[in-house]
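My plan is to look things up piece by piece and jot down what I find.

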Amino acid sequence: MLSIHKDRLIERIGALGAVGVDGDGRRTRLAASEEDKAGRDLIAAWMGEAGMRVVVDRIGNLFGVWETEQNRGAAPVMVGSHIDTVINAGQYDGCCGVIAGIELVEALRAAGVRPRRPILVAAFTNEEGVRYQPDMMGSLVYAGGLPAAEALAAVGTDGTILGEELRRIGYAGTAEPGFVRPCAYVELHIEQGPILDAEGIAIGAVENLQGIAWYRVTIEGRQNHAGTTPVSMRADAGLAAAKVNLFLRERCLRPGSRTVATVGTMGFSPNAVNVIPDRAVFTVDVRNPDEGELRAEEAALLAYLKDLERTDGVRAKAERISRSEPVLFDEGIVRLVERAAKARGLSCRRMTSGAGQDAQMIARICPSAMIFVPSVGGVSHNPAEYTRAEDLIHGANVLLDVVMELVGVDL
Ligand code: HGY
Ligand code: MN
Ligand code: MN
């Protein structure tokens with residue numbers, strides 16, 4: 001069986017992982033940052049070395065295109081993921097899917113295999129959504145779910161404008177997002193959860209993905225003295241914010257609940273040790289695999305904020321900053337993943353993706369599915385994120401096998 005160049009796969013994941021690591025050893029490559037540029041330059045160089053044409057679209061999505069005289073014009077198979085990261089990130093999230101995509105093209109070319117379809121390897125812009133919202137932005141624009149002009153005008157958490165930043169780093173491309181509609185999309189990704197590692201299973205055949213809703217909540221109370229103000233006279237924005245976090249956890253702990261919720265950022269004003277905060281601004285990330293249950297969670301949050309206005313004498317508002325529905329992946333491709341794993345003697349199980357993924361956006365325009373490999377201890381969005389080399393190699397080889405099936409090859 002054809003296999004990818006395993007040493008180079010691992011080497012390149014390590015090389016990209018070294019990009020954007022600061023003096024304290026924290027790895028951060030936020031979308032359209034200098035660090036993201038350095039990562040993009042590396043990926044573009046590897047795409048070129050693999051004999052691919054490099055294309056950048058208007059939202060900065062980076063593609064390696066491998067097409068031949070024989071297959072030019074046929075709808076391509078697309079693989080890929082993202083290389084932007086969260087803050088103080090691990091080195092595998094997204095990156096292994098892009099690098100494995102490049103490696104599968106290298107392997108097919110080295111073996112003289114002639115695919116009947118072109119292959120595109122994608123590195124989508126701003127999958128994480130940490131600096132600019134919404135998340136999965138580049139793939140959402142590519143799939144026609146968000147106008148490029150609107151995405152390019154996105155104002156970052158640092159006040160920058162995405163379009164200007166893409167120009168500054170040299171990745172404001174000219175290709176129209178969606179310039180080609182793939183016939184299929186397959187994304188290799190680390191699980192980022194604990195299941196495969198805990199069950200000792202090598203491959204996850206991802207059949208669906210949960211819905212995600214992000215809100216920015218602003219609670220306004222009354223600034224006052226921390227020592228002289230009786231508790232009964234307080235309109236404490238900080239306390240109200242804490243109550244929301246607790247409320248969300250209680251919702252998740254209800255029997256049978258499949259909801260997960262996270263308050264990942266929070267800021268107080270005036271943010272002084274001896275002043276009751278008059279304002280708390282925080283984000284809520286709430287997820288559920290069922291659209292109806294997700295909507296119920298959102299409604300419960302908004303109703304609770306209304307209650308807080310009455311009980312705590314504060315004003316509360318919630319602005320929805322991102323929303324993606326649960327997605328079912330393509331059963332045919334999921335079965336290809338299971339067959340490919342079996343043919344390689346690898347254990348495999350079906351899974352739901354707890355994380356948002358570019359695949360959920362590309363699923364809007366073509367049959368899509370994902371391949372998961374284990375995350376040791378289920379740790380991710382954390383520098384301790386770790387996937388064993390042999391698991392990465394297994395995942396890349398299963399991706400190679402699935403793509404060979406999808407493109408049809410002449411040996
Ligand atoms: O937030 C997520 O689920 C993904 O890592 N963007
Ligand atoms: Mn990811
Ligand atoms: Mn991520």
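I am working on a predicted model, where local features need pLDDT of at least 70, side-chain atom pairs count only at pLDDT 80 or more, and totals for chains, interfaces and linings use all residues. Residues are numbered from 1 along each chain as its sequence is written, chains are lettered from A and ligands numbered from 1 in the order in which they are written, and side-chain values use heavy atoms, with hydrogens and water left out.

**Entry 1**

I looked up Q192 and found it in the loop between β6 and α7 (195-199). Q192 is not a glycine, yet its phi is positive, about 70 degrees. Is Q192 buried or exposed? I noted a relative accessible area of 9% for T218 and 14% for Q192, and both count as buried. My cut-offs are these: buried means under 20% relative accessible area, exposed over 50%, and partly exposed in between (1.4 Å probe, protein chains only).

**Entry 1: the manganese ion (ligand 2)**

Next I went to the metals. I count N, O and S atoms within 2.8 Å of the metal as donors (3.2 Å for Na, K and Ca); water is not among the atoms, so sites may look incomplete. Which protein donors does the manganese ion (ligand 2) have? I found H82 (NE2), D93 (OD) and H189 (NE2), lying 2.1 to 2.3 Å from the ion. Along the chain, these donors follow the spacing H-x10-D-x95-H. H82 sits in strand β3 and H189 in strand β6 (residues 184-190), so this pair ties together parts that are 107 residues apart in sequence. I checked burial too: H82 and H189 are both buried.

Then I turned to the manganese ion (ligand 3).

Which residue bridges the manganese ion (ligand 3) and the manganese ion (ligand 2)? I got D93, and the two ions lie 3.5 Å apart. D93 is buried, with a relative accessible area of 6%, whereas H381 counts as partly exposed at 41%.

I moved on to helix packing. Two packed helices are described by the angle between their axes and the distance between the axes. For my notes, axes are lines fitted to C-alpha atoms, for helices over the stretch in contact, and angles run from 0 to 180 degrees between N-to-C directions.

The axes of α1 and helix α2 (residues 34-49) come within 10 Å and cross at roughly 155 degrees. I therefore call α1 and α2 roughly antiparallel; the classes are under 35 degrees for roughly parallel, over 145 for roughly antiparallel, 65 to 115 for roughly perpendicular, and oblique for the rest. Taking contact as heavy atoms within 4.5 Å, I see R12, A15 and L16 in α1 meeting G39, L42, I43, W46 and E49 in α2. By class, that contact has five nonpolar, one polar and two charged residues. Ala, Val, Leu, Ile, Met, Phe, Trp, Tyr, Cys and Pro count as nonpolar, Asp, Glu, Lys and Arg as charged, and the others, Gly among them, as polar.

For helix α1 (residues 6-17) and α3, the axes come within 10 Å and cross at roughly 140 degrees. That makes α1 oblique to α3. In α1, R8, L9, R12, I13 and L16 meet C95, C96, I99, A100, I102, E103 and E106 of α3. I sorted these contact residues into eight nonpolar, no polar and four charged.

Last, I checked the peptide bonds. The one from S269 to P270 is cis, with omega near 0 degrees, and P270 is in the loop between β11 (266-269) and β12 (275-276). N271 lies in the loop between β11 and β12 as well, with a positive phi of about 65 degrees although it is not a glycine. At 58% relative accessibility, N271 counts as exposed. I also found a cis bond from Q133 to P134, with omega near 5 degrees.

Terms used: Helix = DSSP H or I, 4+ residues; strand = E, 2+ residues; numbered from the N terminus.
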